[in-house]
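Please keep the sequence and the model in view while reading.

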Amino acid sequence: RGNPGGNGIQTAMLLAGGNIGPQGVVDVVESYDGSSWTEIADLNVGKEYQPTNGTQTAALTFGGNTPPGTRSALNESWNGTSWTETADLNSARSQLSGSGTQTAALAFAGELPTVTGITEQFDGSSWTEVGDMSTVRVQSSPASAGTTTASLCFGGNPLRFTWLMPWFVYRLLPRNLRVRLRFAMQMFLDK
């Protein structure tokens with residue numbers, strides 16, 4: 001499955017949502033115990049491109065895309081048994097990054113549809129916008145870690161080519177063509 005949210009450690013993790021080819025965006029959640037995967041309680045809403053913070057028994061997943069490619073502000077909390085919707089993000093966005101725990105999290109960057117550096121902090125009950133990132137970016141969530149007071153995000157993509165073609169069309173292109181297109185657009189933008 002592509003573009004799920006994931007969290008945990010090598011022997012205890014969750015994989016939430018994602019996209020399964022022709023089936024599309026799913027709400028499936030699986031738990032890993034170090035040797036095998038088990039499907040557990042589904043998300044309330046299927047989504048992809050969302051961060052999932054916390055642990056295998058206390059997690060938070062927020063933002064992302066919901067069918068048919070709508071950016072989401074939805075925030076769901078996992079208590080080890082079920083998912084419950086909690087306070088939504090202030091800015092609906094996908095391909096954002098996140099760090100922290102179920103009750104103290106950061107949501108940063110993403111796509112609004114324009115690329116953004118917005119940063120929001122979750123205190124367990126609500127989201128508040130705090131210091132934005134100095135470089136806007138998307139697709140950096142696998143490279144983020146930390147707490148609300150000491151977080152690190154690196155990598156990602158500072159550009160989005162939605163002005164050239166809609167993202168859902170771009171995603172359908174073969175990977176080698178997408179790489180060439182990004183390279184050509186970067187050369188154009190650098191001039």
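Is S91 buried or exposed? S91 counts as buried, because its relative accessibility is 17%. Buried means under 20% relative accessible area, exposed means over 50%, and partly exposed lies in between, with a 1.4 Å probe and protein chains only.

## Basis of the model

This is a predicted model: local features need pLDDT of at least 70, side-chain atom pairs count only at pLDDT 80 or more, and totals for chains, interfaces and linings use all residues. Residues are numbered from 1 along each chain as its sequence is written, and side-chain values use heavy atoms, with hydrogens and water left out.

## The chain overall

The chain has two helices and 18 strands. Both are DSSP runs numbered from the N terminus: helices are H or I with at least four residues, strands are E with at least two. Of the 191 residues, 41% count as buried.

The accessible surface of the chain is about 9,400 Å². Carbon and sulfur atoms hold 57% of that surface. Areas come from the Shrake-Rupley method with a 1.4 Å probe; for residues, only the protein chains shown count as cover. Among contacts with a separation of 6 or more, 39% join residues 24 or more positions apart. Contact means heavy atoms within 4.5 Å.

## The S91 loop

S91 sits in the loop between strand 12 (83–86) and strand 13. Leaving out residues up to four places away in sequence, S91 touches L112, I118 and E120.

## Sheet 1-2-5-6

Four strands form an open antiparallel sheet in the order 1-2-5-6. Its edges are strand 1 (5–9) and strand 6 (37–40), each pairing on one side only. Neighbouring strands are turned by 20° against each other on average, direction ignored. Two strands pair if DSSP finds at least two bridges between them. Axes are lines fitted to C-alpha atoms, for helices over the stretch in contact, and angles run from 0 to 180 degrees between N-to-C directions.

Strand 1 pairs with strand 2 (residues 12–16) over five bridges, in the antiparallel sense. Here G5 has A16 in strand 2 as its bridge partner. A16 also has a bridge partner in strand 5, V29. Strand 2 and strand 5 (residues 29–32) run antiparallel, joined by four bridges.

Strand 5 and strand 6 are antiparallel too, with four bridges. E30 is bridged to E39 in strand 6. The hairpin of these two strands has four residues between them, and G34 there takes a positive phi near 105°.

## Sheet 13-14-15-16

A further open sheet has four strands in the order 13-14-15-16, with antiparallel pairing. Strand 13 (97–100) and strand 16 (127–130) are its edge strands, each pairing on one side only. The twist averages 25° from one strand to the next. Strand 15 (residues 115–122) pairs with strand 16 in the antiparallel sense over four bridges. The bridge partner of Q121 in strand 16 is T128.

## Nonpolar cores

Which residues make up the largest nonpolar core? It has nine: L60, F62, A73, L89, L96, A105, A107, F122 and W127. Strand 8 (59–62) and strand 14 (105–111) each supply at least two residues of this core. Another core lies apart from it, with seven residues, among them L14, V29, A59 and W78. A nonpolar core is a set of buried Ala, Val, Leu, Ile, Met, Phe, Trp, Tyr and Cys residues joined through side-chain atoms within 4.5 Å.

In soluble globular proteins, nonpolar side chains tend to be buried together.

## Aromatic pairs

How many aromatic pairs does a search of the whole structure find? It finds four. One of them joins W78 and W83, tilted, with 5.2 Å centre to centre and 35° between the planes. W78 is buried at 2% relative accessible area, and W83 is buried at 6%.

F122 and W127 form a tilted pair as well: 4.9 Å centre to centre, 35° between the planes. F122 counts as buried at 2% relative accessibility. W127 is buried at 6%. F62, F122 and W127 form one aromatic cluster. Rings of Phe, Tyr and Trp (its six-membered ring) pair if their centres lie within 6.5 Å; planes under 30 degrees apart count as stacked, over 60 as edge-to-face and the rest as tilted.
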